[in-house]
Amino acid sequence: MPRKAEPSNLAQEVEILSLRPALAELERYVQWVYRTRSGGRVAGTLPVTVSIQTRGGKRLLCGRFTPERWQTREGGASHAIMFTAEQLSRPIMDILETATHETAHLYNFDNGVDDCSKGGRHNLDYAETAQQFGLIVQQDGPGGWRNTALSLELTAEIEKDFQPDYTALSLFMRIR
């Protein structure tokens, strides 16, 4: 009876480039900016799930807040703050601006503030919260307040107090 050949070498492991460092840094920042900018108000009753997903057909999308987007098998719900995988190639401060922008939406939702019209335009209520969160807000047309940027004050606080891990956000999806 022929002998089975012994494997000459073991199968090699696949190298994994994990999104865990990026997710952990984004989660840490969402916690930090909510805590430092919410004026001591308690967060809502639902947790938040931070995710990284493709932009799909929305070419300019950098991130999105969606209430009650995730659900557990046990029936629990979670809000979502999603970051666009293709936009993670931007400078880290631009990514943190997106995180601040979406966390301001979370804050408004937690406090019963309707900050967007049915068509998705950001209203004055959003603009006021965004400014409270340290964003500079520019009007993008009648009644719209979509364009935001980090203020110099918030940028300095991020560098001094949050101390971002620049290496954590080094992986991004290529745009095709």
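**Exercise 1.** Find how many cavities of 30 Å³ or more the structure holds, and which residues line the largest cavity.

*Solution.* Start with the count: there is one cavity of 30 Å³ or more. A cavity is a set of points on a 1 Å grid over the protein atoms alone where a 1.4 Å probe fits but cannot get out, and lining residues have an atom within 4 Å of a point. Next, the volume, meaning the space filled by probe spheres set on the points, joined across faces, edges and corners, is about 70 Å³ for the largest cavity. Its lining consists of S51, Q53, R64, T66, R69, W70, A80 and M82.

A word on the source: this is a predicted model, in which local features need pLDDT of at least 70 and side-chain atom pairs count only at pLDDT 80 or more, while totals for chains, interfaces and linings use all residues. Residues are numbered from 1 along each chain as its sequence is written, and side-chain values use heavy atoms, with hydrogens and water left out.

**Exercise 2.** Work out which strand gives the largest share of that lining, and how the strands pair.

*Solution.* Strands are DSSP runs (E, at least two residues), numbered from the N terminus. With four residues, β2 supplies the largest share. Now the pairing, which needs at least two DSSP bridges: β1 (residues 48-53) and β3 are parallel over six bridges, whereas β2 (residues 63-71) and β3 are antiparallel over six bridges. Finally, look at A80 in β3: T49 stands opposite A80, and T66 also stands opposite A80.

Terms used:
On a 1 Å grid over the protein atoms alone, a cavity is a set of points where a 1.4 Å probe fits but cannot get out, and a pocket is an open set with protein on both sides within 12 Å along at least five of seven lines; lining residues have an atom within 4 Å of a point.
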